[in-house]
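I opened this notebook to record what I looked up in one model. The entries follow the order in which I examined the regions.

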Amino acid sequence: MQQAFQNSGLDAPDAGAVNGVIGLSLHEAVRRLLTDPEQKALMESIMQGYRECYRVAEQHITLYPGVHEVLGELRKRGYWLGVVTGKSLPGVKRVLETFSLSDYFYVIRSADCTHSKPHPAMVSECMAELGIDVERTVVVGDALFDVQMAVAAGVPCIGVSFGVGERDELLEAGAEVVIDEFSTLLNYFPPLV
Ligand SMILES: O=C(O)COP(=O)(O)O
C-alpha cells in the first residue's frame with residue numbers, strides 16, 4: 001500500500017495506518033488512508049498501483065502451520081466452512097487455488113461483491129446461502145473488522161493472535177476468546193457427526 005501511494009506521487013501512509021485498514025475492501029482501505037477521498041482519479045490510481053504491487057507480493061504468501069490438517073479435520077467433524085474476505089473474488093480464489101484449499105470451503109464472500117467488513121453482509125449472506133442461523137455460526141478472524149463484523153451479524157467470534165490485530169483489541173471488540181495457534185481451533189469445534 002505504501003508503494004502504491006508513492007507510485008501515485010503521494011507520501012506513504014505509515015505502517016500503523018496501513019495495518020489498521022487490513023481486512024477492508026481495497027476501495028474502503030484507500031478511502032480511509034487518503035486525506036481527500038473525493039479525488040476519484042487519485043483513488044483509482046492508488047488502487048491500480050496496489051493491485052500491481054500485490055500481484056508481485058502474493059508470490060511470497062505462505063500458510064500458517066497446520067492449515068490443511070485443521071481444515072480437513074473440521075470438515076471431517078461435520079462443519080461447513082466459508083471464507084469472508086476483504087480481498088477481491090479473483091484474489092481469494094487465486095490464494096485458495098495456489099494452496100489447494102478450495103475444496104474445504106462451501107461458500108465465499110468477498111468485498112468486491114457485497115459490503116466491506118465491518119458490515120455484517122458477508123456473514124449474513126454466507127448463512128443464508130448455507131441455510132443456517134446465528135446459533136450455529138462462528139466467525140474466526142485476526143482483525144478488528146472481523147470481530148466487528150461478527151458482532152454486527154450477531155455471531156460469536158474467535159480471534160487469533162497471530163495475524164493483524166492485537167489480543168486486547170479483539171477481546172475488547174467482543175471476541176469470545178483469542179487463540180495463539182491455528183490448531184487450537186479444534187478445541188472449540190467438537191465433532192458434529
Ligand atoms: O488479507 C487481506 O487481504 C484481507 O484480509 P481478510 O482476508 O482477512 O479480509
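Entry 1, conventions. I count as a polar contact a pair of N or O atoms within 3.5 Å; within protein, one must be able to donate a hydrogen and the other to accept it, and residues adjacent in sequence count only if both atoms are side-chain atoms. The model is predicted, with local features requiring pLDDT of at least 70 and side-chain atom pairs counting only at pLDDT 80 or more, while totals for chains, interfaces and linings use all residues. Residues are numbered from 1 along each chain as its sequence is written, and side-chain values use heavy atoms, with hydrogens and water left out.

I located Thr137 in the loop between helix 7 (121–130) and strand 3; helices (H or I, at least four residues) and strands (E, at least two) are DSSP runs, numbered from the N terminus. The side chain of Thr137 reaches the backbone oxygen of Asp133 at 2.8 Å. Is Thr137 buried or exposed? I use buried for under 20% relative accessible area, exposed for over 50%, and partly exposed for values in between (1.4 Å probe, protein chains only). Thr137 has a relative accessible area of 11%, so I record Thr137 as buried.

I found Lys40 in helix 4 (residues 40–57). Its relative accessible area is 61%, and therefore Lys40 is exposed. I also checked Lys40 against Val151, 111 residues apart along the chain, and their C-alpha atoms are separated by 32 Å.

Which residues surround the ligand? I listed Gly23, Thr85, Gly86, Lys87 and Lys117, taking a residue as near a molecule or strand if one of its heavy atoms lies within 4 Å of it. By class, this shell holds three polar, two charged and no nonpolar residues. In that scheme Ala, Val, Leu, Ile, Met, Phe, Trp, Tyr, Cys and Pro count as nonpolar, Asp, Glu, Lys and Arg as charged, and the others, Gly among them, as polar. I then recorded distances to oxygen atoms of the ligand: 2.5 Å from an N or O atom in the side chain of Thr85, 2.7 Å from a polar backbone atom of Gly86, and 2.8 Å from a polar side-chain atom of Lys87. The protein covers 70% of the 280 Å² of accessible area that the ligand has on its own (Shrake-Rupley method with a 1.4 Å probe; for residues, only the protein chains shown count as cover).

Entry 5, strands 1 and 2. On strand 1 (residues 81–85) I noted a covered face of Leu81, Val83 and Thr85 and an uncovered face of Gly82 and Val84. Strand 1 pairs with strand 2 (residues 105–110) in the parallel sense over five bridges; pairing requires that DSSP find at least two bridges between the strands. Leu81 has Phe105 as its bridge partner in strand 2, and Gly82 stands opposite Val107. From strand 1 the chain passes through helix 6 (residues 89–98) to strand 2 in a right-handed β-α-β crossover, that is, with the strands pointing away from the viewer, the path from the first strand over the helix to the second runs clockwise.

Strand 3 (residues 139–141) and strand 4 run parallel and are joined by three bridges, with Val140 opposite Ile158. In strand 4 (residues 157–160), Cys157 and Gly159 point one way, Ile158 and Val160 the other, and all are buried. Strand 4 also pairs in the parallel sense with strand 5 (residues 177–179) over three bridges.
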